[in-house]
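Open the structure in your viewer and keep the selection tool ready. The tour goes from stop to stop, and each stop tells you what to select and what is there.

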Amino acid sequence: MSNAICLNHPLREAAARCTSCGNTFCRECITDLDGRMVCVACHREKTSVKDKPKRDWFLVTAGLQAVLGVAILWFTTWAVGRILLNIPAEVHEAPSG
């Protein structure tokens, strides 16, 4: 690499080649990342935390919870109604005596 020059500093001799982008850089512009020599730009790209777009799941979950709540309330009311309708009429009559 004696003829290679630094991509960022054209007057400096290159010390290493970036294992990520393949460009040559001087000692000042290259760094170690997990045992691999990478340039500053590749290091920044690999170590930066990418922000995921935030989604407002509250609206979705609140809507689903409301629908589920109404469904459970309806089913419970229906089940109790069925049980009450199946009670024999004799249970409600006063004992004769």
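The stops below cover a hairpin, cysteines, a salt bridge, aromatic rings and a surface patch. Keep in mind that this is a predicted model.

**Stop 1: the hairpin**

Select residues 30–33, which are strand β3, and residues 36–39, which are strand β4. The two strands pair in the antiparallel sense, over four bridges. For one example of a bridge, pick Asp 32, whose partner in β4 is Met 37. Now look at the turn: β3 and β4 form a hairpin with two residues between them. Asp 34 sits in this turn and has a positive phi of about 55°.

**Stop 2: the cysteines**

How many disulfides does the structure hold? It holds zero. Select Cys 26 and Cys 29 to check one case. Cys 26 is in no disulfide, and its nearest cysteine sulfur, that of Cys 29, is 3.6 Å away. Is Cys 26 buried or exposed? With 4% relative accessibility, Cys 26 counts as buried.

Next, select Cys 39 and Cys 42. Cys 39 is also in no disulfide; the sulfur of Cys 42 is the nearest cysteine sulfur, at 3.4 Å. Cys 39 counts as buried, with a relative accessibility of 4%.

**Stop 3: the salt bridge**

Side chains of opposite charge can pair when their charged atoms come close. A search of the whole structure finds one salt bridge. To see it, select Arg 12 and Glu 28, where the closest N and O atoms are 2.7 Å apart. The pair links distant parts of the chain, 16 residues apart. Arg 12 lies in the segment before β1 (16–17), while Glu 28 lies in the loop between β2 (24–25) and β3. Show the surface as well: Arg 12 counts as partly exposed at 35% relative accessibility, and Glu 28 counts as exposed at 56%.

**Stop 4: the aromatic rings**

A pair of aromatic rings is described by the distance of the centres and the angle of the planes. In the whole structure, a search finds two aromatic pairs. For one of them, select Trp 74 and Trp 78: their ring centres are 6.3 Å apart and their planes are at 15°, so the pair is stacked. Trp 74 is exposed, with a relative accessible area of 57%, and Trp 78 counts as partly exposed at 44%.

Phe 75 and Trp 78 form a tilted aromatic pair, with 5.8 Å from centre to centre and 35° between the planes. They are three residues apart in helix α2, and about one helical turn separates them. Phe 75 is partly exposed, its relative accessible area being 48%. Show the three residues together: ring pairs link Trp 74, Phe 75 and Trp 78 into a cluster.

**Stop 5: the surface patch**

Trp 57 is in helix α2, which covers residues 57–85.

Terms used. Residues are numbered from 1 along each chain as its sequence is written. This is a predicted model: local features need pLDDT of at least 70, side-chain atom pairs count only at pLDDT 80 or more; totals for chains, interfaces and linings use all residues. Side-chain values use heavy atoms; hydrogens and water are left out. Two strands pair if DSSP finds at least two bridges between them. Rings of Phe, Tyr and Trp (its six-membered ring) pair if their centres lie within 6.5 Å; planes under 30 degrees apart count as stacked, over 60 as edge-to-face and the rest as tilted. Buried means under 20% relative accessible area, exposed over 50%, partly exposed in between (1.4 Å probe, protein chains only). A disulfide is a pair of cysteine sulfur atoms within 2.5 Å. A salt bridge is a side-chain nitrogen of Lys or Arg within 4 Å of a carboxyl oxygen of Asp or Glu.
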